[in-house]
Amino acid sequence: MEAGNGARVRWEEQSYPRHAELAASSRVALLPLGAIEAHGPHLPVGTDLWISEAMAREAALRLAERGIESRVLPTIPYAPAPFADGFAGTLSIRPATLTALVVDLAAALARRGDEVLALANSHFDPAQFGALRLAAGQVGEQGRPRLVYPDLTRRAYAARLTEEFRSGACHAGRFESSIVLAERPGLVDDAVRRALPERDVSLSEAIRQGRTSFERAGLDDAYCGDPAAASAAEGREIVATLGELLSEAVLEALESPGRHRPVE
Ligand SMILES: [Zn+2]
């Protein structure tokens with residue numbers, strides 16, 4: 001795919017001569033961050049991969065519309081996911097492993113001349129935020145590239161997402177199920193999804209209260225919110241907003257290079 005025509009450029013699909021050409025015009029790398037963790041009985045454990053990839057893809061398209069070329073890096077599939085560790089299929093890594101990987105990638109990108117590394121993150125385990133905060137600090141000390149990511153749980157970002165997301169019921173409910181219905185409809189167990197009762201639990205509130213697992217937070221089946229109310233149409237709207245949020249964070253970093261804070 002060519003840059004500049006609204007198509008995203010996937011880093012791993014380019015040859016080195018092509019990268020040499022692209023490096024002249026592209027100074028922005030987008031990195032989707034996934035997780036392998038239980039997402040209710042109706043969604044695959046890889047749900048966050050596809051949410052973050054959709055976010056990065058939409059951000060790349062919006063940046064291209066503004067004349068800014070970017071390259072989308074291969075997704076990091078693994079994440080610290082201690083909240084979901086009691087459920088089959090979850091593969092949780094140490095936070096320090098993710099921190100080291102992001103810091104090393106940032107250093108490699110700096111050597112290639114990239115100015116901005118933007119993280120598309122849809123995994124909200126506190127261990128994930130801790131790992132990314134440490135990475136941001138270390139990349140900040142290196143000076144380049146500038147590491148940016150919208151922390152979607154912050155009020156200013158959540159205000160632009162859905163009511164369920166704002167309520168803190170942000171795991172495998174209507175919000176995430178809608179996105180998977182839009183992005184990977186064949187991977188949703190729709191009969192199971194439609195029969196799930198609404199689970200009105202705020203995961204963010206449970207985290208504030210010191211809970212450390214889905215079970216202790218009241219997510220007996222690894223979901224909260226209302227998966228049965230999800231729709232692909234809503235998923236497409238959410239994905240567009242996620243792309244806007246990430247592209248805005250990149251634009252802000254490019255426009256105020258000296259002042260930009262590494263996180264949030
Ligand atoms: Zn998720």
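Let me start with Ala84, which is buried, at a relative accessible area of 0%. Buried here is under 20% relative accessible area, exposed is over 50%, and partly exposed is in between, with a 1.4 Å probe and protein chains only.

A note on the source: this is a predicted model, local features need pLDDT of at least 70, side-chain atom pairs count only at pLDDT 80 or more, and totals for chains, interfaces and linings use all residues. Residues are numbered from 1 along each chain as its sequence is written, and side-chain values use heavy atoms, with hydrogens and water left out.

Back to Ala84. The residue sits in the loop between strand 3 (69-72) and helix 3 (95-111); helices (H or I, at least four residues) and strands (E, at least two) are DSSP runs, numbered from the N terminus. Apart from neighbours within four places in sequence, Ala84 contacts Glu37, Ala38, Thr90 and Phe214, where contact means heavy atoms within 4.5 Å. Between the C-alpha atoms of Ala84 and Glu65 there are 38 Å, and the two residues are 19 residues apart along the chain.

Thr75 lies in the loop between strand 3 and helix 3. With a relative accessible area of 18%, Thr75 is buried. Not counting residues up to four places away in sequence, Thr75 touches Pro32, Leu33, Gly34, Leu49 and Glu53.

The cut-offs: four donors are tetrahedral if all angles lie between 85 and 135 degrees; four are square planar and six octahedral if opposite donors are over 155 degrees apart and all others between 65 and 115; anything else is irregular. His39 counts as buried because its relative accessibility is 0%, and Glu176 counts as buried at 2%.

Helix 2 and helix 7 pack at about 70°, their axes 10 Å apart. That makes helix 2 roughly perpendicular to helix 7. Axes are lines fitted to C-alpha atoms, for helices over the stretch in contact, and angles run from 0 to 180 degrees between N-to-C directions. Angles under 35 degrees are roughly parallel, over 145 roughly antiparallel, 65 to 115 roughly perpendicular, and the rest oblique. Helix 2 brings Thr47, Asp48, Trp50, Ile51, Ala54 and Arg57 to the contact, and helix 7 brings Glu176, Ile179, Val180 and Glu183. By class, the residues of this contact are five nonpolar, one polar and four charged. Ala, Val, Leu, Ile, Met, Phe, Trp, Tyr, Cys and Pro count as nonpolar, Asp, Glu, Lys and Arg as charged, and the others, Gly among them, as polar.

How is helix 7 placed against helix 11? Helix 7 (residues 174-183) and helix 11 (residues 232-255) pack at an angle of about 95°, with axes 7 Å apart. That makes helix 7 roughly perpendicular to helix 11. The residues of the contact of helix 7 with helix 11 divide into eight nonpolar, two polar and four charged.

Last, some backbone details. Arg144 and Pro145 are joined by a cis peptide bond, with omega about -10°. Pro145 is in the loop between helix 4 (126-142) and strand 5 (146-148). Ala172 is not a glycine, yet has a positive phi of about 65°. Ala172 is in the loop between helix 6 (163-166) and helix 7, and counts as buried at 0% relative accessibility. Ala222 also has a positive phi, near 65°. Ala222 lies in the loop between helix 10 (214-217) and helix 11, and is buried at 1%.
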